[in-house]
Amino acid sequence: MDYDAIVVGAGHAGIEASLVLARLGLKTVLITQTIESIGRISCNPAVGGLAKGNIVREIDALGGEMAMLTDASVLQFRMLNESRGGAAQSPRAQIDKYLYSRLARASLDREKNLSIYQETVVDLLLGKDGKTCCGVILQRGRRIHAKAVIVCSGTFMEGCIMIGQATLPQGRIGEPAAQGLGQALRRYGLNVGRLSTSTSARVRARSLDLDAMKRQDGDPIQAFSFAHETQTSTRKSHPCYMVYTNRDAHKVIRDNIDLSPIYAEFADGPRYCPSIEEKVMRFPDRDRHHIFIEPESAETDDAYLNGVYSGLPEELQEEFLRKIPGMEQVEIVKPGYAVEYDYVDATEHHATLENRKIPGLYFAGQVNGSSGYEEAAGQGFWAGVNAAMKILGQPPFIVDRYDAYLAVLVDDLVTKGTKEPYRMFSSRAEYRMRLRHDTADRRLFLRGVALGLHSDERKALFEEKMQKLDVVKELLRQRRHRGKTLYQQLQDPHFPLEEAMDLVPEMANLPEAWRKTLYLDIRYAGYEQIEEEQVMRLQRDENTLIPGDFDYDKVPNLSTESRIKLSEIRPHNVGQASRISGVRQSDIAILQMVLHHKVRA
């Protein structure tokens, strides 16, 4: 069995990686331990959120699949922070987890260059040089050769789940861990560590008194995919509910805290998705914490309890939940649990997510220390494209961090690494105004076109959108009202958009999503211009490339710490070098000078 590329793991990273490889014409095999688990939603049944929604739209603009799957399985849509500025807004959708998984499998099945194989990868095949990855070894002994291997193992590599004192070799409850590959990577000298996270119980919605809770209806459903912006969704919107924990529930947790595997080492646990045990113990003065009751599917009665991630024994999870109003008769379908798994230090990767120690081997998703479906999918696309580019003899696919949240994610991982599951926030991006979720197509669509990942229909729609937005902006600049142009008037937050639409019918005729983008462009034009000037200065550093074999030992006057850091991480350019923790700005100035003279020579 010989392929151009092998993708290990069929979660969100594996789906995007295998699809982009196949769509770029490469013979690809996706290896998964359980075919029925393809695209499974392991934790909360939702896609998007602050900054995460931006990543989903960026994947779509480049030619990925996650936004399309989300639009087809949405149960509720919300635009977060809509009352705030454009840079703070981001879409989030509750999704039907079973429908999403089936649609993901169907999208894989449609690709003629893609095969699916059920097995467990336990080791790598290395070439004659003993360094280059040229395939994998499966649990039953079979060997598969390929020019590139992308590991997207999620929480499964040497994974174990913990519920109370019970520890099971699983990567997700009821599904066996992938054992062998983590130990193999250690033997090959990769820096492999352990991370942990947790998830919440699933309960029967009919066992809850929803009338005792606060109902939360969604916004009118909007599209994640730019291909659907001009269409009206036919999906039915489902409500969520909110309730709070209380002192009685907290007492049950405190009285039994020694039985929680999470609390035993919570100081090293995730800050951004803490368990209820961690929240209760970290914040003893707080009498309550949010719980969001989210539907998992239109096909089942299961509900997800967002906000009460727990590793307590099952009977204690039930006990503390039953102290909460509206949950007195709760029936747990699946308990919450903690999960611990192997991850690889991403600072050992190139900016392409190819490992420096083992050429031909790429990593994407939680195995790089990130969290979240969206971060995983974005890395899967990134690694898949770059593996394809290398196989095809093309330049690497690199996006600058001022052009995409996805680039911020990858750049942070490979330059800084992480000691806890990395979660994307808008605060991680220096240039948030230009990274609005609604401008992802303007920033990245043509990159997808250049890769050959967009249909003629999508290209025509994009060109129509850009052309109509330009026409209406020009009309607004020409037409005056009360002594100012309408373009100037719209920069005043007190000037009603409806008045401009009455005066410029061409604006009123735009699809709503396009009209909103137009308004935000005008409203924040001044702020974006300031960012644009900052970006132009930054581009000098980003465009100063550092050769892959650059010898930092030959650079005079570099500090020892900077020399070690730069030699270990091997930054792609000076901008990336300047973001490495521990590298001094004075050393960056020296490096710029040396590289400048090297180019001139």
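A residue counts as buried when its relative accessible area is under 20%. By that cut-off, helix 9 of this predicted model is mostly covered, with 17 of its 19 residues buried.

From its first C-alpha to its last, helix 9 reaches 27 Å, close to the 27 Å expected at 1.5 Å a residue. After the helix comes G393, whose phi is positive, near 75 degrees.

The largest nonpolar core of the model has 75 residues. Helix 9, residues 373–391, supplies ten residues, the largest share of this core. The residues with the most contacts inside the core are L21, I150, W382, F397 and M424. What does L21 touch, not counting residues up to four places away in sequence? Its contacts are A5, V7, L26, T28, I150, G384, A387 and A388.

Strands of a sheet pair through backbone hydrogen bonds, either parallel or antiparallel. An open sheet in this model has three strands in the order 7-8-9, and the pairing is antiparallel. Strand 7 and strand 9 are the edge strands, each pairing on one side only. On average, neighbouring strands of this sheet are turned by 25 degrees against each other, direction ignored.

| Strand | Residues |
|---|---|
| Strand 7 | 121–126 |
| Strand 8 | 133–138 |
| Strand 9 | 143–145 |

How many bridges join strand 8 and strand 9? The two strands pair over three bridges, in the antiparallel sense. G135 stands opposite H145 in strand 9.

Methods
Residues are numbered from 1 along each chain as its sequence is written. This is a predicted model: local features need pLDDT of at least 70, side-chain atom pairs count only at pLDDT 80 or more; totals for chains, interfaces and linings use all residues. Side-chain values use heavy atoms; hydrogens and water are left out. A nonpolar core is a set of buried Ala, Val, Leu, Ile, Met, Phe, Trp, Tyr and Cys residues joined through side-chain atoms within 4.5 Å. Buried means under 20% relative accessible area, exposed over 50%, partly exposed in between (1.4 Å probe, protein chains only). Helices (H or I, at least four residues) and strands (E, at least two) are DSSP runs, numbered from the N terminus. Contact means heavy atoms within 4.5 Å. Two strands pair if DSSP finds at least two bridges between them. Axes are lines fitted to C-alpha atoms, for helices over the stretch in contact, and angles run from 0 to 180 degrees between N-to-C directions. The expected span of a helix is 1.5 Å times one less than its number of residues.
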